[in-house]
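Subject: Structure handover

Hello,

Here is the structure you will be working with. Please open it and keep it beside this email while you read.

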Amino acid sequence: MIKGMIILLSEQPTLEFIKNMPKAELHLHLEGTLEPDLKLKLAKRNHIDIGQNTIEEVKAAYEFDSLTSFLNVYYPAMNVLQKEEDFYELAMAYLAKAKEHHVVYAELFFDPQAHTSRGISFETVINGYYRAIENSHTLGIHSSLIMCFLRDMSAESAAETFEQALPYQDKILGIGLDSDERGNPPEKFAEVFKKAEDAGFNITMHCDIDQEQSIENIRQALMDIGVDRLDHGTNIVEDQKLVDYVKEKGIGLTCCPVSNSFVVDDMKGKEIIELLDQGVKVTIHSDDPAYFQSYVSDDLFALSQKYELTSSQVIQLVKNAFDIAWTTDDNKKLYLDSVDKYVENFQ
Ligand code: HPA
Ligand code: ZN
């Protein structure tokens with residue numbers, strides 16, 4: 001048994017080994033899980049002309065080679081989400097997929113301003129999503145919500161959204177920041193993030209790949225805002241002082257290699273592995289799986305194939321995610337033990 005395990009740990013993992021391992025998803029946008037079939041179904045139900053009638057036509061519109069061009073496809077598609085039931089169905093469809101990939105713990109981003117800005121009430125969005133969160137235990141998943149502000153909207157709009165969210169504080173685990181980073185640094189949102197922290201929310205921010213001011217934005221997020229995690233953030237390898245800082249504080253970086261390969265034509269695997277080797281808590285996730293056609297196991301597998309990772313490295317990436325999850329130490333231990341048990345028993 002021990003001999004078998006040693007061989008297994010030093011070899012490249014199979015997709016089956018990765019897929020069946022208990023996993024945590026910490027970087028996933030619920031709006032990015034809108035698969036073409038559900039998009040068409042909701043468009044029909046809500047009488048919305050999206051200009052496409054077949055799955056092939058929807059997929060043909062998925063042409064992006066940068067964060068900006070991706071977001072230009074991503075936001076208009078959300079128009080099919082109109083009623084509470086639509087948000088519920090979207091989240092439940094994702095959770096069913098997550099179960100297939102043995103996700104047992106999920107912290108899910110949502111973008112209320114992408115909906116309130118087109119006349120959908122905050123209440124409709126949160127009630128739909130939260131009903132799915134409450135139901136996720138029926139699929140063996142513990143899930144929760146992270147509310148993100150759209151950084152290309154104003155700081156005032158973020159502050160208003162924060163006020164709208166306060167009555168639902170018990171339904172929101174953390175606050176994040178996403179959308180187009182260019183010209184929208186963390187400091188633009190310092191005030192609202194201070195309020196969020198004071199109100200007891202966990203906080204995180206996207207620091208997307210290869211941005212104009214990547215290092216300065218990472219510095220601001222870490223030092224000025226005081227985030228608990230960074231989403232993406234792999235450009236940090238360019239600044240050893242910042243690497244030492246996240247290492248010392250145990251701050252995790254939620255990386256999404258397949259998403260990276262769409263927006264910058266590189267999984268950033270070299271950087272991810274360098275950080276892993278330095279002992280930084282990097283983790284692997286799927287970002288917008290309906291658009292990048294890659295759920296969390298696929299991201300781990302793609303990275304392990306391209307960069308010849310050993311099973312041991314993949315297990316470390318999976319364990320890091322439980323380690324940096326916003327849950328109790330007791331829960332973390334249960335999840336980490338379940339990974340060990342899975343590995344021990346894998347034939
Ligand atoms: N970066 C910024 N905003 C986003 C992303 C991302 O990777 N995915 C969905 N919204
Ligand atoms: Zn993201």
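Is Lys-268 buried or exposed? Lys-268 is buried, because its relative accessible area is 9%. (Buried means under 20% relative accessible area, exposed means over 50%, and partly exposed is in between; the probe is 1.4 Å and protein chains alone count.)

Some ground rules come before the rest. This is a predicted model, where local features need pLDDT of at least 70 and side-chain atom pairs count only at pLDDT 80 or more, while totals for chains, interfaces and linings use all residues. Residues are numbered from 1 along each chain as its sequence is written, chains are lettered from A and ligands numbered from 1 in the order in which they are written, and side-chain values use heavy atoms, with hydrogens and water left out.

(Helices are DSSP runs of H or I with at least four residues, strands are runs of E with at least two, and both are numbered from the N terminus.) Lys-268 is not a glycine, yet its phi is positive, about 60°. His-232 has a positive phi too, near 65°, and is also a residue other than glycine. His-232 belongs to strand 6 (residues 229–232). Its relative accessibility is 1%, so His-232 counts as buried.

**The zinc site**

Now look at the zinc ion (ligand 2). Its donors are His-27 (NE2), His-29 (NE2), His-206 (NE2) and Asp-287 (OD), at 2.1 to 2.2 Å. (Donors are N, O and S atoms within 2.8 Å of the metal, or 3.2 Å for Na, K and Ca; water is not among the atoms, so sites may look incomplete.) His-29 lies in the loop between strand 1 (23–25) and helix 3, and His-206 lies in strand 5 (residues 202–207), so the pair ties together parts that are 177 residues apart in sequence. Both His-29 and His-206 are buried.

What is the arrangement of the four donor atoms around the zinc ion (ligand 2)? It is irregular, because the donor atoms subtend angles of 82 to 174°. (Four donors are tetrahedral if all angles lie between 85 and 135 degrees; four are square planar and six octahedral if opposite donors are over 155 degrees apart and all others between 65 and 115; anything else is irregular.)

Eight strands form an open sheet, ordered 1-2-3-4-5-6-7-8, with parallel pairing. (Two strands pair if DSSP finds at least two bridges between them.) Strand 1 and strand 8 (282–284) are at the edges with a single partner strand each, so one side of each has no neighbour in the sheet. From one strand to the next, the twist averages 25°.

Walk through some of the pairs:

- Strand 1 pairs with strand 2 over three bridges, in the parallel sense. Glu-25 stands opposite Ala-106 in strand 2.
- Strand 2 and strand 3 run parallel and are joined by six bridges. Phe-110 is opposite Met-147 in strand 3.
- Strand 3 and strand 4 run parallel, with five bridges. Phe-149 has Leu-177 in strand 4 as its bridge partner.
- Strand 7 (residues 252–255) and strand 8 pair in parallel over three bridges. Leu-253 has Val-282 in strand 8 as its bridge partner.

Strand 2 is mostly covered, with seven of its eight residues buried. In strand 4 (residues 174–178), five of five residues are buried. Gly-174, Gly-176 and Asp-178 point one way from strand 4, while Ile-175 and Leu-177 point the other way.

**The core**

The largest nonpolar core has 112 residues, and Phe-193 and Tyr-291 touch the most other members. (Such a core is a set of buried Ala, Val, Leu, Ile, Met, Phe, Trp, Tyr and Cys residues joined through side-chain atoms within 4.5 Å.) Helix 6 (residues 84–100) gives the most to this core, with eight residues. Beyond its neighbours within four places in sequence, Phe-193 has contacts including Phe-149, Ile-175 and Leu-177. (Contact means heavy atoms within 4.5 Å.)

**An exposed loop residue**

Finish at Glu-308, in the loop between helix 16 (296–306) and helix 17 (311–324). Glu-308 counts as exposed because its relative accessibility is 59%. Leaving aside neighbours within four places in sequence, Glu-308 is in contact with Gln-12, Leu-303 and Gln-313.

Best wishes

Note on methods. Axes are lines fitted to C-alpha atoms, for helices over the stretch in contact, and angles run from 0 to 180 degrees between N-to-C directions.
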